[in-house]
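Dear colleague,

My notes on what was found follow below it.

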Number of protein chains: 4
Amino acid sequence: MGVLSSTELRQLIFALEEIISLDNEGKFSIAIEQEDCHTAIENYLTGKLGDAGKKIHACRSRNDQVIAALRLYEKEELREVGKLVRNLISAITNFSSRNSGIPLPGYTHLRKAMPYSIGRWAESFSESLQDDILLLDSVSMLIDQNPLGSAAGFGVPIFKVDREFTARQLKFGRVQKNTLYVQNSRGKFELAILDALNQVMLDINKLATDMWLFTSAEFGFIELPKEFSMGSSIMPQKVNPDVVELLRAKAGVMKGHRDSINSMILNLPSGYNGDFKLTKQPLIEGFELAKSCISIMTLVIGGLKVNEGRCKAAMTPELFATEKALELVKKGVPFRDAYRKMG
Amino acid sequence: MGVLSSTELRQLIFALEEIISLDNEGKFSIAIEQEDCHTAIENYLTGKLGDAGKKIHACRSRNDQVIAALRLYEKEELREVGKLVRNLISAITNFSSRNSGIPLPGYTHLRKAMPYSIGRWAESFSESLQDDILLLDSVSMLIDQNPLGSAAGFGVPIFKVDREFTARQLKFGRVQKNTLYVQNSRGKFELAILDALNQVMLDINKLATDMWLFTSAEFGFIELPKEFSMGSSIMPQKVNPDVVELLRAKAGVMKGHRDSINSMILNLPSGYNGDFKLTKQPLIEGFELAKSCISIMTLVIGGLKVNEGRCKAAMTPELFATEKALELVKKGVPFRDAYRKMG
Amino acid sequence: MGVLSSTELRQLIFALEEIISLDNEGKFSIAIEQEDCHTAIENYLTGKLGDAGKKIHACRSRNDQVIAALRLYEKEELREVGKLVRNLISAITNFSSRNSGIPLPGYTHLRKAMPYSIGRWAESFSESLQDDILLLDSVSMLIDQNPLGSAAGFGVPIFKVDREFTARQLKFGRVQKNTLYVQNSRGKFELAILDALNQVMLDINKLATDMWLFTSAEFGFIELPKEFSMGSSIMPQKVNPDVVELLRAKAGVMKGHRDSINSMILNLPSGYNGDFKLTKQPLIEGFELAKSCISIMTLVIGGLKVNEGRCKAAMTPELFATEKALELVKKGVPFRDAYRKMG
Amino acid sequence: MGVLSSTELRQLIFALEEIISLDNEGKFSIAIEQEDCHTAIENYLTGKLGDAGKKIHACRSRNDQVIAALRLYEKEELREVGKLVRNLISAITNFSSRNSGIPLPGYTHLRKAMPYSIGRWAESFSESLQDDILLLDSVSMLIDQNPLGSAAGFGVPIFKVDREFTARQLKFGRVQKNTLYVQNSRGKFELAILDALNQVMLDINKLATDMWLFTSAEFGFIELPKEFSMGSSIMPQKVNPDVVELLRAKAGVMKGHRDSINSMILNLPSGYNGDFKLTKQPLIEGFELAKSCISIMTLVIGGLKVNEGRCKAAMTPELFATEKALELVKKGVPFRDAYRKMG
């Protein structure tokens with residue numbers, strides 16, 4: 001584009017690598033008056049290289065830089081979440097195979113309904129998580145758009161920025177064409193990401209709720225690994241399932257993060273608004289929350305034991321009422337008559 | 001499957017068509033003690049045909065029937081929403097073409113930033129809506145699963161239900177295999193749908209906010225069609241943009257619907273819970289809300305006028321400060337020096 | 001104020017009573033182009049009385065009329081909710097007296113903790129509801145402010161409206177002085193009301209959850225009245241506690257209503273905004289929801305039976321571990337040593 | 001109660017003060033396996049004093065200790081918030097006095113409505129904040145209940161704990177009688193607190209939105225103090241009102257905190273649940289957020305300048321249309337005729 005000479009370019013690349021090294025050693029700091037890393041970097045480069053440093057901000061704004069950095073981060077995190085979900089699916093599949101033959105009462109309304117099995121109970125979660133990946137992939141595709149060159153939301157005048165080129169360099173799937181849309185998608189994309197993570201958390205919430213219920217003395221179908229249980233400070237006998245309660249509650253925290261982002265971006269006009277700065281924290285906390293919950297649930301599932309005796313003892317006759325009615329149907333009795341007879 | 005004779009099947013089909021006719025005439029009613037249409041239909045068929053009516057509930061539960069009906073409804077509504085979004089995109093594109101040459105100040109932080117145009121402003125919304133379709137399509141794919149044969153969540157004993165067959169008959173893309181997952185996806189799928197509709201509502205919210213701001217006397221860039229303005233009961237001079245305020249506020253209502261569904265399904269164990277009955281209302285209201293808002297916004301855009309004079313008058317010199325700075329850069333001045341000079 | 005003659009006043013009062021009669025008979029209708037009842041009433045009066053009708057809107061706006069009507073409605077509904085909450089407290093107290101001697105295991109983390117009783121379990125809810133009344137009373141006091149005379153938010157020029165007088169006439173506790181604040185409190189007051197109702201719904205949610213758990217076969221401490229149970233269409237043996245599941249889920253619906261109102265009013269500037277029209281529906285639905293849930297819970301509690309045998313059988317030794325430890329403490333053993341010994 | 005000798009008591013008080021000193025110097029640490037400060041303190045005391053340390057946990061649970069500590073913290077924070085709100089009211093009153101004579105157009109629907117003034121605009125916020133104090137006081141009264149002696153939710157057996165005594169010692173207004181209610185109020189009380197803080201944040205949100213709008217070049221009625229403005233990295237001319245945008249957005253963050261707590265506590269049965277651990281973070285973040293926003297808004301108001309020229313110039317004729325109509329009414333013209341004439 002004619003902004004930097006090739007010497008300046010080499011100098012800048014070298015100095016940027018220096019910054020990375022300094023940062024790795026915790027020696028690169030951002031002064032309050034610099035506001036953010038972008039100004040700090042420019043100042044460092046200018047201090048070291050003079051004019052070459054002063055040139056780096058030609059044709060770009062902190063706005064499109066921040067969004068580009070955020071998208072690269074989001075893409076990487078979504079990949080990581082996908083990997084962790086697949087690990088959890090594997091752990092569930094292993095658990096299911098280990099215990100596939102064991103019967104389990106199926107419940108509706110928390111009342112015994114019909115016979116089921118430990119294996120199929122577990123598989124209900126792996127199939128659900130598999131579908132979550134569909135949504136994670138969609139949102140990955142949605143956000144995989146190059147914002148660079150949109151500058152403050154209205155593009156770059158005078159110079160012609162090759163946005164396809166920077167897209168290829170940064171491995172973005174496509175260019176986000178309308179430069180104002182780049183700004184208007186702030187918060188909106190972050191919300192779409194958390195909506196997808198939330199679907200994973202809903203599975204974890206339900207699995208944790210089942211574990212909480214099924215590990216109780218009254219149900220007793222499964223047992224948590226000992227290392228995941230906690231005691232009480234006053235009651236000597238207690239073995240508490242805090243880990244699954246915390247996993248359960250984290251779905252509420254994720255919901256709060258979505259709420260924050262969605263609330264902040266309502267009723268704001270087009271273009272960058274300072275409010276967008278605050279969408280980052282719930283996004284990042286949402287990723288951290290999802291990753292840790294998926295990982296911990298994978299460990300819990302890995303150590304989960306089934307109490308086969310309790311499961312078998314729970315297979316009481318009322319669970320087979322529908323089966324009995326359908327046996328009559330097989331013999332020609334209309335279903336509703338068979339149903340009444342069994343009732 | 002050997003439940004119905006071919007005579008019974010013919011009789012049932014005929015009687016079901018009778019029910020449809022009665023219902024169309026508003027003459028098919030559901031008694032309170034019948035709880036829902038499923039029992040009412042069975043009772044009608046039994047009253048008319050005797051044993052054939054009593055047989056229809058073999059191998060199925062209201063649970064999987066309700067979900068199947070709901071999914072068919074959801075698929076149709078999502079198609080309809082997609083169509084309406086495409087109409088809105090067309091209306092925006094037409095508006096953009098009609099007014100493409102007119103300049104518009106670009107704002108960040110509600111402060112003049114850089115030059116933009118009416119055309120590109122409008123296109124920021126059409127590109128965003130285009131991306132919403134990606135999410136609508138994903139969720140359509142997600143829910144396009146046949147729940148029939150899952151019965152109350154634990155499948156059908158004794159008889160072998162061909163779930164691939166019913167999937168083909170009802171045009172479901174695939175079978176939702178795990179029968180417990182069918183129940184566990186209740187609320188979760190509905191939330192995924194509203195999450196996608198919410199993305200559309202966020203665009204409408206921002207477009208409405210822009211319209212509210214830009215039609216004010218202080219900005220004055222655009223004018224709402226007269227038939228969308230309302231007066232005041234006390235102030236003779238007022239012309240109020242209620243329509244865009246209501247469109248804006250509806251995004252908050254949609255948010256409330258999502259909140260309802262998400263809140264209801266938290267901390268519930270596997271299997272059908274009576275709570276799920278209440279997820280239907282926010283879903284249906286969410287669809288109705290989205291469809292009417294998209295349609296009304298399409299009408300508003302269709303009648304929107306641009307005040308070219310005000311737009312041109314607003315293109316004040318500060319908007320060109322960045323351009324001026326970059327002209328200096330073109331001549332070799334380092335960007336930060338050019339920036340300071342222009343500042 | 002010199003706007004109406006005493007003859008006109010009498011004519012207007014007479015005609016307004018006519019409107020009330022017509023409305024009671026369902027014969028007073030509002031045409032679409034009249035927008036709301038205020039214009040319809042003025043038109044009716046003008047049609048009948050001529051100039052006297054045209055005079056009624058002097059010194060007032062639909063804005064302050066709507067808010068005044070809304071506040072009177074809110075005050076009445078809050079009184080009604082308070083009455084219903086007191087009824088529920090009575091029903092709980094009666095239930096508690098009837099069953100006070102029956103033991104109940106106390107649970108933490110859904111694990112048996114220490115001995116408790118049916119009576120004290122029930123009283124935990126009546127004490128909580130009693131505290132809810134404190135919040136209901138506070139919000140009643142908050143909103144008990146006369147908005148009349150604020151007109152469109154900027155008061156009435158030329159004429160001097162005696163706002164203290166209309167406050168006394170309409171039995172408002174005080175005048176909401178700043179006229180702009182009258183508008184700015186829209187949505188905000190409605191949210192404060194729903195926040196208070198929500199606290200009641202949280203109690204109902206927890207009581208319903210306990211009922212759902214304790215009526216299960218695995219716990220079996222209590223039994224729902226038969227008339228509140230529902231069957232299954234496929235499973236002959238089922239007796240489902242839909243009523244408590246629906247009561248439980250309604251807390252999620254209330255949460256959604258609060259979310260709607262709060263979301264709508266964010267990021268809006270001072271003064272009336274058309275968005276406020278949409279805060280009425282969630283408010284009214286919130287009142288209806290709260291009233292019906294409190295009433296139904298009162299009926300459920302009234303018919304609730306305790307299964308004394310199951311309660312007594314559940315008082316297993318581990319519940320007394322803390323008691324045993326404290327007996328040792330009584331004898332001088334340091335608590336932590338006694339705890340370890342019992343563990 | 002006969003648990004500690006007076007020597008042991010003196011030793012414990014001395015050692016506890018030691019812990020406070022250590023903690024102030026950052027030298028008191030909690031090991032992971034100790035879970036929390038309660039166990040760490042007991043261990044420290046036991047290490048130092050032997051049996052006296054082992055005795056301190058007689059008749060109490062971490063549960064009621066945690067709640068007692070939390071309530072003391074909440075009471076103090078609520079007092080602090082009340083103080084800061086009063087400071088903000090003072091700042092607004094000062095600003096209002098300084099600028100009381102300056103006219104300001106009153107807006108509805110963001111359209112000029114009727115004349116108002118800078119002073120009365122500002123007072124709309126001080127009156128609203130005054131009402132918020134009513135809600136803050138109510139919630140302070142609600143939570144001012146002594147939980148000590150409730151232990152794990154089911155009281156203390158064997159020993160008789162004098163709960164009125166500890167209430168007086170810790171300056172709690174009353175005893176929370178039902179011990180299970182102590183646990184059941186967890187999350188519920190925290191939500192009531194955030195609901196009250198949220199009302200303050202709604203005022204700050206609206207005031208910030210007004211500032212954002214009124215400091216724009218298009219309105220121009222007020223000017224932010226220079227030290228609260230930020231620049232742009234690419235646009236030399238920009239002076240951005242980030243501070244009010246961040247204040248505005250924080251209301252969305254507060255909303256998210258409320259959502260987290262409310263979501264977490266839904267559908268949980270009576271008694272302590274591990275989920276409650278996660279209600280602390282949104283509570284504490286909610287207090288920090290409210291305190292900092294109120295303080296910063298107080299600073300902003302303190303430095304806010306009014307552009308009297310712009311205000312006066314904006315008092316255009318249409319603002320006086322209602323006044324003119326009412327002048328005709330004064331002369332006997334029926335209002336609706338006067339309204340039509342002015343229109």
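Two residues are said to be in contact when they have heavy atoms within 4.5 Å of each other. The model is predicted, so local features need pLDDT of at least 70 and side-chain atom pairs count only at pLDDT 80 or more, while totals for chains, interfaces and linings use all residues. Side-chain values use heavy atoms, with hydrogens and water left out, residues are numbered from 1 along each chain as its sequence is written, and chains are lettered from A and ligands numbered from 1 in the order in which they are written.

Between chain C and chain D, the contact takes 90 residues from chain C and 88 residues from chain D. Together they bury about 7700 Å² (accessible area, 1.4 Å probe, lost by two parts on being put together and summed over both), with 59% of it on carbon and sulfur atoms. C:Phe154, C:Lys188 and C:Lys206 supply 9% of the area that chain C buries there, more than any other three residues.

These two chains also share 14 salt bridges (a side-chain nitrogen of Lys or Arg within 4 Å of a carboxyl oxygen of Asp or Glu), and one of them joins C:Asp195 to D:Arg258, with the closest N and O atoms 3.0 Å apart.

Best wishes
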